[in-house]
Amino acid sequence: MRLITAASATFVVALGLGISVFAGAGQTDEAAANSQPERGTRSALREGRAIFRFDTFGDEQLWTDVLRMHEVLPTVDPQTALAVGLKVDVDALPRPLIKALRAKAVDLTDPAVTIELIRLNAVVGVKGSVDDQGRLTKVGVTCALCHSSVDNSLAPGIGRRLDGWGNTDLNVGAIVALSDALDQPTKDEFNSWGPGKYDPRHHAFDGTRIIPLNSPSLPIVIPPIYGLRGVGFETVTADGPISYWNSYVGVGQMGGQGRFNDPRIGLSIAQAPDLVTPKLRALLEYQLSLEAPEPPRGSFDRRAATRGQRLFQNEARCGSCHQSPHFTDVLSGPDRSTPMLHNPVEVGMDARYAERSATRQYRTTPLRGLQFHAPYFHDGSAQDLRAVVDHYDTLFGLGLSHGQKHDLVEYLKSL
């Protein structure tokens with residue numbers, strides 16, 4: 001029986017594998033947490049940032065008690081951890097250790113170094129307890145595991161935090177497959193996901209058991225969560241408001257202790273005390289404060305981008321769905337409390353993932369910061385922006401020339 005095996009698929013993509021704003025069915029009990037607030041106060045933002053970076057919501061009940069990852073991590077050296085996409089926050093490191101890392105005087109093949117990094121709270125998105133004997137006794141994960149990266153300012157995988165960036169290096173499946181609680185078929189399934197992907201619709205965890213949702217597994221790309229203020233609906237299928245999705249992932253996927261209920265997908269979880277719902281408001285404040293990164297100087301051809309902008313609005317017809325200022329039409333319907341969505345066939349997308357959602361459709365993706373989060377489309381089927389342009393050129397029979405496609409790509413890189 002593949003009970004524990006499925007657990008791993010559900011908890012890992014930390015809080016917010018996408019985030020959506022839909023005021024309909026499936027809301028959390030705290031309706032106030034679902035509405036988009038005005039720009040938050042500094043204290044609220046600090047609180048939200050602390051939740052995003054460091055709060056496990058009690059998900060040690062899954063990571064430690066069920067998957068026993070506290071027994072696995074002491075065998076993983078930093079070199080391996082970095083190779084599967086885990087990141088290290090340089091600001092959490094003491095100066096002597098930073099100096100030693102720069103001098104290449106730290107043995108990155110020594111698993112004891114991994115435990116020390118966890119003790120220092122320096123592994124982004126991983127929260128652990130280390131006793132006086134240097135033993136890892138408990139481990140959980142936070143939102144930042146999947147939705148933060150680093151700037152590589154010290155070394156690849158080691159630098160200052162970039163909150164809100166999808167960690168497209170993170171090999172969730174390979175990490176989970178290290179658990180001795182999993183059978184070999186499940187390990188093989190998770191190892192097939194590859195970097196930057198996760199399936200939030202495979203199973204759920206209710207605090208005591210693993211609930212099967214859909215099979216086979218259909219992993220999707222871990223998205224960035226920056227530039228969301230004012231967008232309106234943010235998940236690829238727009239199932240619910242931001243706090244709805246945070247609750248869904250925080251409770252059912254990360255394994256946090258709390259409440260979640262949505263009869264549309266037949267899922268109801270109730271654990272007390274609720275360690276998730278009371279924190280949704282502050283978490284929302286911080287998430288909406290994360291701005292999309294500006295394209296680096298020299299990263300695109302400005303003249304070509306200017307031509308591409310005209311193509312975007314005219315011949316290529318991109319602007320009909322990717323409407324300004326947020327480059328999505330999700331709020332363009334007659335009722336702004338209901339998302340404007342598209343059937344998969346309209347946009348040439350695989351319908352299987354949408355069929356597992358509450359809406360069974362896809363929303364138009366906002367386009368800010370495109371340079372920084374390849375691959376594209378929910379399933380990662382477009383490896384670069386040229387592949388995106390080629391997809392729609394073929395789907396809609398646009399007949400764009402090679403030069404026009406080049407100009408469109410340069411414009412997309414400028415957003």
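Lys 413 and Glu 410 form a salt bridge, their closest N and O atoms being 3.0 Å apart; the term denotes a side-chain nitrogen of Lys or Arg within 4 Å of a carboxyl oxygen of Asp or Glu. About one helical turn separates Lys 413 from Glu 410, because they stand three residues apart in helix 17 (helices are DSSP runs of H or I, at least four residues, and strands are runs of E, at least two, numbered from the N terminus). Glu 410 counts as buried at 8% relative accessibility; buried means under 20% relative accessible area, exposed over 50%, and partly exposed in between, with a 1.4 Å probe and protein chains only.

This is a predicted model, in which local features need pLDDT of at least 70 and side-chain atom pairs count only at pLDDT 80 or more, while totals for chains, interfaces and linings use all residues. Residues are numbered from 1 along each chain as its sequence is written, and side-chain values use heavy atoms, leaving out hydrogens and water.

Asp 390 belongs to helix 16 (residues 385-395) and Lys 405 to helix 17 (residues 402-414), so the pair ties together parts 15 residues apart in sequence. Lys 405 is buried, with a relative accessible area of 13%, whereas Asp 390 is partly exposed at 26%.

Ala 305 lies in helix 13 (residues 302-313) and is buried at 6% relative accessibility.
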